[in-house]
Amino acid sequence: MRIPIVYVVLLNWNGLTETLECLASLRKQDHPSVKTVVVDNGSANAEASIIEREYPEVKVLRQAENQGFCGGNNIGIRQALADGADYVLILNNDTIAPPQLISELVRASERLEHVGAVSPLILCHPQTDLIWYAGSVWEAETARLRQLLEYQSRNKLNVSKPFPTAYACGCGLLVSASVLRQVGLMDERYFAFYDEVDWSSRMKKAGLECYVIPTAILYHKVSKTTPRLIATYLMARNRLLWMKDHLSWRERVRSYPYLFKEVAWNLCNISGVRLNKHGLSKIESKAMLMAVRDFLCRRFGATPASIIQLISKANEKQAV
């Protein structure tokens, strides 16, 4: 029986220490055919050269600038498909993969019918008794995707069989080459955040399902590699884009009261009226309102210069 070839696609953006530790764990995988592609997203300090020296078996694809989560992964996926991958595993660089991770994901994918993508049970690191990702559900009334059992004890997940989820998590996501050819790659309008949600939704529209494989374990350091203000902006903008692309009018209407309240909270927060229930700073409220503006103006892709300028102003104030 032919052994499936699995390509791991790993992004590195000024995260050398985490990337090297992740690569060390990938060397120990018990699946017999694993290859790794690292896409270096314009890192400083010759990080790509260090990765090549420490892990000569890894193919490093150097980018002149940050292509984002979507663009960077797409570069790696295209390389994997060109090299004959049967499966592609998208993996965050701030993760540690136990030896059985890939074999468990592949085994489950081979057995499931009409499968789009699968994710492992993702536990926190070093607090490995806490769940970070065990599937998710969309809550229309609060306009959010809620991760099930997040930061709760691993013992609360009492299932061993694969179960469906609203989306397969981009922190660790296995997808077959055949699904990639059917559904396509990541939508680069998202740049980062909600990208895997869009991807999973497109798979579901194609009649495929996304699953969590609880027997496959991945450890996640839950590092904050993206500056908070950028994450706030991209999450707010991309949530609206995903809702427009994948929710019916009736489903979106259920979320509108909350979204309108959210805009009101942010406007009040900026003006100094403390009605904001989210604990956001004034500058974060500005970022969220700019996200709504850019969504309405159909401005997508990389973080805009206006947000970078907002970060610069915030840093200048802190420096004074």
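A salt bridge is a side-chain nitrogen of Lys or Arg within 4 Å of a carboxyl oxygen of Asp or Glu. The legends below describe a predicted model.

**View 1. R252, a buried residue without a salt bridge.** R252 is buried. The nearest side chain of opposite charge belongs to E251. That side chain is 7.2 Å away. A salt bridge needs the two atoms within 4 Å, so R252 has none.

**View 2. The surroundings of R252.** R252 is found in helix α8, which covers residues 249-271. Which residues does R252 touch, not counting those up to four places away in sequence? They are M243, K244 and L247.

**View 3. Helices and strands of the protein.** The protein has ten helices and twelve strands. Take the contacts between residues at least 6 apart in sequence: 73% of them join residues at least 24 apart.

**View 4. The overall size of the protein.** The C-alpha atoms fill a box of roughly 65 × 45 × 35 Å, taken along the principal axes. The radius of gyration is 20 Å. A compact globule of 320 residues would have a value near 20 Å, so the two agree.

**View 5. Inside, surface and charge.** Of the 320 residues, 52% count as buried. R252 is one of the buried residues. The accessible surface comes to about 15,100 Å². Carbon and sulfur atoms hold 53% of that surface. The protein carries 39 positive and 31 negative charges. How far apart are the mean positions of the positive and negative charges? They are 7 Å apart.

How values were computed. Residues numbered from 1 in each chain as written. Predicted model: local features only at pLDDT ≥ 70, side-chain atom pairs only at ≥ 80, totals over all residues. Heavy atoms only, no water. Helix = DSSP H or I, 4+ residues; strand = E, 2+ residues; numbered from the N terminus. Buried < 20%, exposed > 50% of the residue type's maximum accessible area, 1.4 Å probe, protein only. Lys, Arg positive; Asp, Glu negative; His and termini not counted. Contact = heavy atoms within 4.5 Å. Rg over C-alpha atoms; globule rule 2.2 N^0.38 Å. Areas by Shrake-Rupley, 256 points an atom, 1.4 Å probe, with all protein chains shown as cover. Charge placed at Lys NZ, Arg CZ, Asp CG, Glu CD.
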